[in-house]
Amino acid sequence: MELLSPAGDLNKLKYAVYYGADAVYASGQYFGLRAKSTNFNREQLKKAVKFCHDHHRKIYVTVNIFALNRDIKALPEYLQFLQSIQVDALIISDPGVFALAREYAPQIKIHVSTQANVTSWSAAKFWFDQGAARIILARELNIKDIAEIKQKVPEIELEIFVQGAMCMSYSGRCLISAFLNDRSANQGLCTQPCRWEYDLVERSRPGEQFRIEQDKYGSYFFNSKDLNLINRIAEITELELDSVKIEGRMKSIYYVAAVTRAYRSAIDIGNNKISDNIKNELNKISHRRYSESFFNSNDSKKTQYYGSSAYIREYQFIGEITKTIQQSAFIAIRSKFSVDDTLEFIFPDFEDDFQYTVKEIFDEENIAIQSAKPNTTIRLDLDNKIPNWGIVRKKNNED
Ligand code: SF4
């Protein structure tokens, strides 16, 4: 079973690969559904494909907008370009884009995006008959639905999401952002208004707002919990699916690395004996409350959290190690830390992780400083060996 990680840019892609992804998914600058992600220009896409193939990994490119007439003109040339650089698959939701891909990039496999909301074996069979290689199933299916689709249409590859943010609607069937902000989720521009707080207004009484309060914080009644299926990996493996996917092309390299290595370990263990250390890794990234969402049932009470839409942040991403000289680590800083703080260093292999209480910090001029500030590079002289691709984090104070 393939582990598929998000790659918002080339650096995140490298972290995904080094922390255990078998494949990554990325977007070019047009026609993908994460317009606010950094995304890849053509040169970067070429480099990304080369990097993945040099490391025997696959790369899938999203072309999963619901296209408008104005989008169609530029698509054939873009699809031909993607075929010329030999991406491994295109992720598509719109039947019109699907048809263009079959015509202009016939050598590339097509994965039907979760935005297409495939929820039955009949829909899976339909897409197989059209020439799709894989279905990324709707996130609203439970384990029995998934098993039945696998059993009835074994000829098509199946992929499911195991980690990340959920929509309160079927993916792609949401118009709130387009309506309130003129930024369409179906064009990759969602501003996540499902995380906002709303009042109730009766239609014939405009201006008379009824505040909806669950408690003193109000109520976030569209707010979905984040998906987390790490405890179900053994069952998912038994389903013999082809791929499990992590959501989050807009998240940091720390998120990509930490989540990828947790699922890499869980898949490699292959049974229910996943250690708390591995599971806890998913509590150390920025996340909303977790749920197994629809995987068990369609009990909506378990999928929503009305109390707050704020992220839970137990740890801060401090920075990435960009260079090492023996036991000295040069770190590109994202968040401040100071002398006497305790930092955690994480690496692709859990066994290499260590903690370090900061004694001295040196700036780029080799001058000792008291605190490291964001967007600078500093040096720490550590007591451990430092494997490649290290990331530094710090536990937030309890208060
Ligand atoms: S507003 Fe929320 S539910 Fe709607 S598309 Fe955006 S993230 Fe999904």
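Predicted model: local features only at pLDDT ≥ 70, side-chain atom pairs only at ≥ 80, totals over all residues.
What percentage of the 399 residues of the chain count as buried? I looked this up first: 52% do, where buried means under 20% relative accessible area with a 1.4 Å probe and protein chains only.

Residues are numbered from 1 along each chain as its sequence is written, and side-chain values use heavy atoms, with hydrogens and water left out.

**Overall build.** I found 12 helices and 22 strands in the chain, taken as DSSP runs (helices H or I, at least four residues; strands E, at least two). The radius of gyration, over C-alpha atoms, is 22 Å, close to the 21 Å of the globule rule for 399 residues, so the chain is as compact as a globular protein of that length. That rule is 2.2 Å times the number of residues to the power 0.38. The C-alpha trace spans about 60 × 60 × 45 Å along its principal axes.

**Helix pair.** I then turned to α1 (residues 10-18) and α2 (residues 42-54), which pack at about 10 degrees with axes 10 Å apart. This makes α1 roughly parallel to α2 (angles under 35 degrees). On the α1 side I noted Leu10, Leu13, Lys14, Val17 and Tyr18 in the contact (heavy atoms within 4.5 Å). From α2 come Gln44, Lys47, Ala48, Phe51 and Cys52.

**Ligand.** Around the ligand I listed Cys167, Met168, Cys174, Ala185, Cys190, Pro193 and Cys194, with a heavy atom within 4 Å as the cut-off.

Conventions. Axes fitted to C-alpha atoms, helices over the stretch in contact; angles between N-to-C directions. Parallel < 35°, antiparallel > 145°, perpendicular 65-115°, else oblique. Buried < 20%, exposed > 50% of the residue type's maximum accessible area, 1.4 Å probe, protein only.
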